[in-house]
Amino acid sequence: MAKIIVVTSGKGGVGQTTTSASFASGLALRGHKTAVIDFDVGLRNLDLMMGCERCVVDDLINVIQDEVKLSQAQIKDKPADNLGVLAASQTRDKDALSQEGVKRVLDELSAMGMEYIICDSPAGIETGALLAMHYADEAVVVTNPEVSSVRDSDRILGMLASKTQRALDGKEPIKEHLLITRYDSVRVASGQMLSIDDIQEILRIPLIGLVPESESVLNASNQGIPAIHMRGSAVAEAYKDVNRRFLGESREMRFAQPVRPSAARAVRAGPTTCRPCSVSCSACCRSTSRSSPRTSASASSASATSK
């Protein structure tokens with residue numbers, strides 16, 4: 001039977017769709033048959049993050065209203081063929097969602113052999129968010145290290161404890177995981193952001209991961225690929241760590257400590273191509289290349305030619 005995980009947040013713009021795309025992709029790349037569903041009806045973005053927006057013909061609402069079969073609406077991911085994407089409708093409103101229809105879609109995905117179903121929730125506590133979490137077994141609560149985001153996440157925890165099917169049936173509570181995104185250890189050290197301890201003191205749920213602030217997230221979004229595919233970037237490594245911890249592996253919590261400025265720039269920018277060696281490399285290689293023999297020789301040759 002499939003395990004249903006909702007990726008949720010009280011505040012918009014904290015990275016829940018980025019997380020849904022990377023989390024689902026990471027599970028699929030590790031060999032688990034996975035489906036990811038966009039519940040943000042009318043404002044869908046998951047298809048853009050997954051790079052399959054041109055493939056969307058039918059959507060979640062079409063399936064719920066029995067207009068098409070689930071197999072017709074589900075899009076197979078190219079990098080991981082055991083990952084299916086079910087987009088939200090761009091033209092309907094959230095009233096088109098129904099609890100019975102969502103249950104039927106989840107049951108059908110489970111019958112198709114899915115091991116994990118990731119529900120990408122819209123921010124807040126409106127209909128789409130409540131239905132995304134209603135049948136969840138586990139929840140990844142995404143927050144930024146700032147007061148309003150953490151306070152809204154605390155409200156979401158209250159909804160998970162009272163409004164879901166598990167809560168209504170008196171079953172074991174949803175297993176909750178905290179994911180902190182856009183974490184800047186330098187700003188935390190200077191007191192401009194909440195620390196991990198500050199956030200956990202308020203929310204009091206286990207930390208599953210720490211995703212550093214990075215331009216790689218914007219680059220991935222613009223390219224239409226999940227951030228976990230941005231090879232060599234800190235963000236990709238952070239999401240891989242999240243998957244490993246979710247699957248029971250023990251991993252050190254990286255990116256929590258401030259790093260020296262040159263390394264910080266490399267973390268934000270990700271890998272680049274170094275001119276002297278023409279390979280993908282980090283800031284260390286770039287700094288070394290300034291005084292490399294090849295660079296010096298080229299400079300000497302150019303100087304001799306000019307004379």
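Tutor: Helices (H or I, at least four residues) and strands (E, at least two) are DSSP runs, numbered from the N terminus. This model is predicted: local features need pLDDT of at least 70, side-chain atom pairs need 80 or more, and totals for chains, interfaces and linings use all residues. Residues count from 1 along each chain as its sequence is written, and side-chain values use heavy atoms, without hydrogens or water.

Student: Which helix gives the largest share of the lining of the second largest pocket?

Tutor: A pocket is an open set of points on a 1 Å grid over the protein atoms alone, where a 1.4 Å probe fits, with protein on both sides within 12 Å along at least five of seven lines; lining residues have an atom within 4 Å of a point. Here 15 residues line the second largest pocket, with M1, I4, K103, Y135 and D137 nearest its centre. Two elements give two or more residues each, helix 8 (165-169) and helix 5 (99-111). The largest share, 4 residues, comes from helix 5.

Student: Which helix gives the largest share of the lining of the largest pocket?

Tutor: The largest pocket has 28 lining residues; G13, V14, G15, T18 and M49 lie nearest its centre. Helix 1 (16-29), helix 2 (46-50), strand 7 (175-183), strand 8 (207-212) and helix 11 (215-223) each give two or more residues to this lining. The largest share is 4 residues, from helix 11.

Student: Which residues in helix 10 meet helix 7?

Tutor: Look for contact (heavy atoms within 4.5 Å). Helix 7 brings V150, S153, D154 and L157. Their partners in helix 10 are I199, I202 and L203.
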